[in-house]
Amino acid sequence: MGLHDIMFYYFASVIVITALLAVSRPNPVYAVVFLIPCFFHVAGIFVLLQAEFLAVVQILVPAGALMVLYLFVVFLFNLSEIKGMKSTHRQSVLAGIVALIMFILLAVLAVRGIFPGPFQELVESTAVENTVAVGGALYTRFLFPFELASLVLLVVMFGAMVLARREGKE
Amino acid sequence: MENVWIYLLIILLKIVGIITVALGGVTVMNWVERKVCGHIQHRHGPLYVGPHGILQPIADGLKLFLKEDITPTNVDRGLFMLAPIMAFVPALLTFAVIPVGPHLMISNVNIGLVYILSVSSLGIFGIIMGGWASNNKYALLGGLRSAAQMISYEIPLGLSVIGVLMYSGSLSMTKIVMAQQGFWFGFIPKWFVIPQFLGFILFLVAAFAETNRLPFDLPEAETELVAGYFVEYGSLRWAMFMMAEYVAMISASCVIVTLFFGGWLPLPVIGPLVEGILPSNVVLYAMPVVWFLSKVAVFMFFFVWVRWTFPRLRYDQLMSLGWKVLLPLAIFNIFISGILRMAQLN
């Protein structure tokens, strides 16, 4: 087992542990705080795959920006109310079964599936600089899905604005 | 195998060296800030500890170190302890990719600029965690303000450097500096501040907001929030928040110099004159560091100068400046830079 493997297992185990802690903590602030190291270690896996650009974006967007917004919302909760709530209820059994089926499906896919995909060549194209490779792929081969994603984001943004707007003001 | 250990040792030495310089810079900055503040307000500032009070920061550091470490009763203990560390560490991480000289940097990664943006966006966790964990309404308000402010100003900060990217064609900090070599008409340096003046102004304003310095220090606004997010902190934990602010200020100055003022490249007019009379070894190895540090010093003075000159913005003014002025200007800058660059290349 080389250094590479040791690093992979370290990152993977921390991701699993922190993700489990994030969904199992009753205090939402702690749940969000545990997600931060989780995202950092995902970035670590990107570095192992020699995708530095994705690694840094992984820190910039989910860890840097999204988590701050989550914390912003979670801070405004009344924690004494949350403490009285139960974390399980009648639907827990059903949800557990669905989750188990989902897990089995994903596990089968991960073990038996083949990932042909253009992603492999992105990872392996060490000849070109990482950023150039990602940019090139986004603006040539994947231009349509890329623009579509930005359109979807725009629609979501307008939706949020319409929902948040108060009648009569401004 | 031995080569690996030597390699690691060299990296470790570089890290220790940079951290030492950064923390030394904090001490000097602390003295400069109080001295400049004093003179701006027609006072002398610190005067008694050492000549012109130059040993005052050391005396203060010792005082903070020896103070009792108090943890209030109703705080969230884990996050309360974690917050000062979370504020301090990201501020130091930025120095890993800043080139002080042609080969003098911890790591020459090819994504240096994005790395700096992402790491500087992490310092906010310390502030908001400290604000929430303190279990104090002033601290929480400071933390919330800080979250809103940093999210709003990260966007113009990120967009304002895109113009620089178009001109340099690389995210690597070393290549960005190399792209600024040369002169127009023999004496005007090809620093990016000239073609990217709007970008520079936007970056400067956003950097002030990101480092929580006046006129954007709303998270700690003394007149409304007592001290904001660190109101419950004392002794060394408080000192860590304070040092984080100064380290962030130094690293912001370093980034401004690297992106817009040619990093380690010599100053125009004075540069050739000074380098002409020095031996070639000194010019090759020592002078880049001198040029870099002297440019950084100018910006650090500028940070202090602005702090004691301008009043604090109101919260709604802060938000409308960020979203309604800086953001459209940043997009306009990208548009104009794109056209200019295309015209230049064809």
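These legends describe close-up views of a predicted model.

Local features need pLDDT of at least 70 and side-chain atom pairs count only at pLDDT 80 or more, whereas totals for chains, interfaces and linings use all residues. Residues are numbered from 1 along each chain as its sequence is written, and chains are lettered from A and ligands numbered from 1 in the order in which they are written.

**View 1. Overall fold of chain B.** Chain B holds 15 helices and two strands, taken as DSSP runs (H or I, at least four residues, for helices; E, at least two, for strands) numbered from the N terminus. Its C-alpha trace spans about 65 × 55 × 45 Å along the principal axes.

**View 2. Helix 14 of chain B.** Helix 14 covers residues 287-307. From first to last C-alpha it reaches 31 Å, close to the expected 30 Å (1.5 Å times one less than its number of residues). Its buried residues (20 or more other C-beta atoms, placed from the backbone, within 10 Å of their own) include W291(B), K295(B) and F299(B).

**View 3. Contact between chains B and A.** Chain B gives 22 residues and chain A gives 19, with contact meaning C-beta atoms, placed from the backbone, within 7 Å. On the chain B side, helix 4 (112-120), helix 5 (123-133) and helix 6 (137-160) each give two or more residues. Helix 6 of chain B gives the most, with seven residues.

Technical notes:
Two residues are in contact if their C-beta atoms, placed from the backbone, lie within 7 Å. A residue is buried if 20 or more other C-beta atoms lie within 10 Å of its own, exposed if 12 or fewer, and partly exposed in between; C-beta atoms are placed from the backbone.
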